Amino acid sequence: VEHYCSRIEQYAHLNAFLEVFKVEALLRAEEIQKKIDDGTAGKLAGMIIGLKDNISFKGHEMTASSKILEGYQAVYSATVTKKILNEDAIIIGRLNCDEFAMGASNETSFFGPVKNFADQTKVSGGSSGGSAVAVQAGLCFASLASDTGGSIRQPAAFCGVVGLKPTYSRVSRYGVVAYASSFDQVGPITRSVDDAALILEVIAGNDIHDSTSSNVKVFEYSKLLDDKRKKKIAYIEETLHSEGLDPEIKNNILAQLQKLKDNGHTVKPVSFEYLDHVVATYYILTTAEASSNLARYDGVHYGYRSPDAKDLISTYKKSRSEGFGEEVKRRIMLGTFVLSAGYYDAYYSKAQKARRLIKEKMDHILEDYDFIITPTTPTPAFNIGEEITDPVVMYLADIFTVGASLAGLPAISIPSGETESGLPIGMQIIGKRFKEEELLAFAKHI
Ligand code: GLN
């Protein structure tokens, strides 16, 4: 704990942590040391973990990096928080993220951007930028984050670490700030696949507090990592011709696919004709869900209330106008629009149908193949300030990650090399529904 706390101080300028629970973590470390000495310690004993600031930890502030929740204290712990604490993890602090997990660069945070440890002029990725940089810079051992359309995988790729989004419903969302409930999943960001497997086996499983959580059996993923059988791998042809794909990333993925072939795996191109539509489908559905989920921040129940509020309507209007940032407001308006009576069929209902086609197509590919491989991101980490001015450009950063989110499939980003200028490159592997053990074993093997 002391080691990590001093590194957090040394690298405070990266802006990864919003708060450090130093005193509490030190006390807990002493208790856990005793358990280790007695031989009664849990699976994560001594693991120092940071929490993305949209995961509740009872008695601690949680803001989702928004002004509207400034000062809000979690009144209960998320199921994932309880589960890691039950296994004797030590929670070291709260990690910066995009406001309400909406973003791909951590620049929408009310508390400012997180800087990439590989190059501080570059973004960390988002929305879990703090969670990725904290692991990249060695400010904690591992972190928990959430992924709606890439928020674990994309920052992991930008920071050269491992990021796992489990199958939708594999992990309870109870106590996690809702962005788009039919997409949101909690997962680990770690330095190794082994650590991701261990954390997943702790946090996964059915939860009576989340009716969408699955009761499909959870395995001890960390003990199932030595599958070295040859696999059938599909890569999506369209990803390699996609506009905006950085040539260094393209060459990196081509070299990886060749290496897999050389090692005896079957590697074949498949066509995924919906690639151009995944981003639009994702943003229609997630903004619709967000507009509903964020209705609860009304200046009455939680956090910020405008000092100029006079009556009920002005409390709503002023608190929300002052409390939410630009990107969040844009999404609430977009989501309200696509759900409005006149446009529901044209946008929301159509996007639901597109989602089903995308899911069916991906499931279909995975009937013939074990995995689908894509680059995690079309470009390496971009400059801070460069893309934040154009939301459409920013949304396109999600083109390779939102497919698995629309389909609810598990996907992992693993480090795949570096650009000439030393920026990390990530490779995404998408697996079969609830087959995290296969996905993790293959990720570790390669
Ligand atoms: N960049 C995507 C978005 O802004 C993904 C965010 C996420 O996964 N939480 O919606």
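Two ground rules first. Residues are numbered from 1 along each chain, as its sequence is written. The model is predicted, so local features need pLDDT of at least 70 and side-chain atom pairs count only at pLDDT 80 or more, while totals for chains, interfaces and linings use all residues.

Let's start with strand E3, residues 90-95. Helices (H or I, at least four residues) and strands (E, at least two) are DSSP runs, numbered from the N terminus. Is E3 buried or exposed? Six of its six residues are buried, so the rest of the structure largely encloses E3. Buried means 20 or more other C-beta atoms within 10 Å of a residue's own; exposed means 12 or fewer; partly exposed is in between; C-beta atoms are placed from the backbone.

Now the partners of E3. Two strands pair if DSSP finds at least two bridges between them. Strand E1, residues 17-20, pairs with E3 in the antiparallel sense, over three bridges. There, Val-20 has Gly-93 of E3 as its bridge partner. Strand E2, residues 48-52, runs parallel to E3, and five bridges join them. Gly-93 in E3 also stands opposite Gly-50. From E2 the chain passes through helix H3, residues 79-86, to reach E3, and this β-α-β crossover is right-handed. Right-handed here means that, with the strands pointing away from the viewer, the path from the first strand over the helix to the second runs clockwise.

The largest nonpolar core has 132 residues. By nonpolar core I mean a set of buried Ala, Val, Leu, Ile, Met, Phe, Trp, Tyr and Cys residues joined through C-beta atoms within 7 Å. Which members touch the most others? Ile-49, Ile-90, Ile-92, Cys-140 and Ile-429 do. Take Ile-92. Leaving aside neighbours within four places in sequence, its contacts include Val-20, Ile-49, Gly-50 and Cys-140. A contact is two residues with C-beta atoms, placed from the backbone, within 7 Å.

Next, strand E11, residues 371-375. E11 is mostly covered, with five of its five residues buried. In a regular strand, side chains alternate between the two faces of the sheet. In E11, Phe-371, Ile-373 and Pro-375 point one way, Ile-372 and Thr-374 point the other way, and all are buried.

On one pairing, E11 runs parallel to strand E9, residues 232-236, over three bridges. Ala-234 is the bridge partner of Ile-372, and Tyr-235 is the bridge partner of Ile-373. On another, E11 is antiparallel to strand E13, residues 424-430, over four bridges. There Pro-375 stands opposite Met-427.

E9 is mostly covered too: four of its five residues are buried. E9 also runs parallel to strand E10, residues 266-270, and five bridges join the two. Ile-236 has Val-270 in E10 as its bridge partner.

Now a helix residue. Leu-285 sits in helix H9, residues 275-293. Leu-285 counts as buried because it has 25 C-beta neighbours inside 10 Å. Not counting residues up to four places away in sequence, Leu-285 touches Ala-180, Ala-351 and Arg-355. Leu-285 and Ile-384 are 99 residues apart in sequence, and 28 Å apart in space, C-alpha to C-alpha.

On to the backbone. Most residues other than glycine have a negative phi, and most peptide bonds are trans. Which peptide bond here is cis? The bond from Gly-126 to Ser-127, with omega near 5 degrees. Ser-127 lies in the loop between strand E5 (119-123) and helix H4 (129-136).

Two residues other than glycine with positive phi deserve a look. Phe-100 has phi near 50 degrees. Phe-100 is in the loop between E3 and strand E4 (115-116), and is buried, with 30 other C-beta atoms within 10 Å. Ser-169 has phi near 85 degrees. Ser-169 is in the loop between strand E7 (162-165) and strand E8 (185-190), and is buried, with 21 other C-beta atoms within 10 Å.

Last, the ligand. How many residues surround the ligand? There are 13, the closest being Ala-101, Ala-104, Thr-148, Gly-149 and Ser-151. The cut-off for near is a C-beta atom, placed from the backbone, within 6 Å of the molecule or strand. This shell divides into four nonpolar, seven polar and two charged residues. Ala, Val, Leu, Ile, Met, Phe, Trp, Tyr, Cys and Pro count as nonpolar; Asp, Glu, Lys and Arg as charged; the others, Gly among them, as polar.
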